[in-house]
Amino acid sequence: MSKPKRVIPGFKLTMGFSLVYLSLIVLIPLSTLIMKSAGMGIDKFFNTILEARVLHGYLVSFGAAFIAAIINSIFGLILAWVLVRYEFPFKKFLDGIIDLPFALPTAVAGISLTTLYSQNGWIGKMLYSFGIKSSFSILGIVIALTFIGIPFVVRTIQPVLEDLDNQYEEAAIMLGASRIRTFFKVIFPEISAPLLTGFGLAFARGVGEYGSVVFIAGNIPMKTEIAPLLIMSKLEQYDYSGATAIALVMLLTSFLILFVINGIQLRNSKLKKI
């Protein structure tokens, strides 16, 4: 029997191209972080990454990104559900707006959010009247990260909901299951993996976000200063090794978190097959 013809070239050529492309775009640039950090010495490296101001920057960046990813997971699921399950006027328009944070320059997003949520802004004026400081605070950072992270959750859940067969839900309801029980026993197991993926993507994007956060954060040392801003400060001071040290810690921490998320997804997929 003759081998089936392939649309694209064979494994060796495509695999070789993939490795070269991945090396040039991802592996080589990331390896420079390790090499640059290794050249500064162990004592200087740990003194840089364990500085009180830097540790607080990590706490702000990772903490705000985690909170924003949780919020996006909840409301992103609701948005995806509405877009898939219901018909209403201007549905296509709303669907297109979801991708706006992808296309909008981050600096423009930051300026817009600061204008809206500042003390004299349209939304900020109402929040400040209740004693809620929505700009130049941790809340402002969470708002910015929620804005840029929502598309990741919606776009990962939406295709799964579209492909989900309604017959399983109808069967569960006919057997006497309530709507809440049907959701958690029939629907949620199917969307848990993409929901976790969307959470991981939104979290990773939020950790490294700079442009949309730097305006609304206020950049107050030991209060609202994010880790990416500290990296920029190091670069402006020509402290390239210090900047790469902070960046390396952020890279390794983000990779570890994504690795754990992927491990949970793999475990869940294996349990489904059993």
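The following legends describe close-up views of a predicted model.

Figure 1. An unreviewed UniProt entry lists residues 58–261 as "domain: ABC transmembrane type-1". This span is 80% helix and 0% strand, and its end C-alpha atoms lie 20 Å apart. Under "transmembrane region", the unreviewed entry lists residues 12–35, 55–84, 96–116, 136–154, 183–204 and 240–264. In the model, residues 183–204 are 100% helix and 0% strand, with 28 Å between the end C-alpha atoms. Residues 240–264 are likewise 100% helix and 0% strand, and their end C-alpha atoms are 36 Å apart.

**Figure 2. Helix α6 and its buried side.** Helix α6 comprises the twelve residues 106–117. From its first C-alpha to its last the helix reaches 16 Å, close to the 16 Å expected at 1.5 Å a residue. Ala109, Gly110, Leu113, Thr114 and Tyr117 are the buried residues shown in α6. These residues lie on the same side of α6 because they cover an arc of only 130° around the axis. An α-helix has 3.6 residues a turn, so residues three or four places apart point the same way. The cover over the buried residues of α6 includes α7 (122–129), α8 (138–163) and α11 (211–217).

**Figure 3. Serine 118 in the loop between α6 and α7.** The loop that joins these two helices contains serine 118. Is this serine buried or exposed? Serine 118 has a relative accessible area of 17% and is therefore buried, the cut-off being under 20%. Apart from neighbours within four places in sequence, serine 118 is in contact with Gly124, Lys125, Tyr128 and Ser135.

**Figure 4. The largest nonpolar core.** This core has 57 residues. Those with the most contacts inside the core are Phe45, Tyr58, Ile141, Leu145, Ile157, Leu161 and Val213. Two or more residues each come from α2 (42–49), α3 (52–85), α6, α8, α10 (179–208), α11, α12 (227–236) and α13. Helix α3 gives the most, with 13 residues. Tyrosine 58, one of the residues with the most contacts inside the core, touches Ile49, Gly63, Ala227, Ala245, Ile246, Val249 and Met250, when residues up to four places away in sequence are not counted.

**Figure 5. Aromatic pairs involving phenylalanine 203.** The structure holds twelve aromatic pairs. One of them joins phenylalanine 62 and phenylalanine 203 in a tilted arrangement, with 6.2 Å centre to centre and 40° between the planes. This pair links distant parts of the chain, as phenylalanine 62 belongs to helix α3 and phenylalanine 203 to helix α10, 141 residues apart. Both phenylalanine 62 and phenylalanine 203 are buried. The rings of phenylalanine 199 and phenylalanine 203 have centres 6.3 Å apart and planes at 15°, so this pair is stacked. Phenylalanine 199 and phenylalanine 203 are separated by about one helical turn because they are four residues apart in helix α10. Phenylalanine 199 is buried, as is phenylalanine 203. One aromatic cluster is formed by Phe62, Phe66, Phe199 and Phe203.

**Figure 6. Arginine 267 in helix α13.** Helix α13, residues 240–273, contains arginine 267. Arginine 267 counts as exposed because its relative accessibility is 54%, the cut-off for this class being over 50%. The C-alpha atoms of arginine 267 and leucine 145 are separated by 29 Å, and the two residues are 122 apart along the chain. Leucine 145 is among the residues with the most contacts inside the largest nonpolar core.

Key: Residues numbered from 1 in each chain as written. Predicted model: local features only at pLDDT ≥ 70, side-chain atom pairs only at ≥ 80, totals over all residues. Heavy atoms only, no water. Expected span 1.5 Å × (residues − 1). Buried < 20%, exposed > 50% of the residue type's maximum accessible area, 1.4 Å probe, protein only. Arc of directions from axis to C-beta. Contact = heavy atoms within 4.5 Å. UniProt positions renumbered as here; feature names shortened; annotations may be inferred. Core = buried A, V, L, I, M, F, W, Y, C linked by side-chain atoms within 4.5 Å. Phe/Tyr/Trp six-rings, centres within 6.5 Å; stacked < 30°, edge-to-face > 60°.
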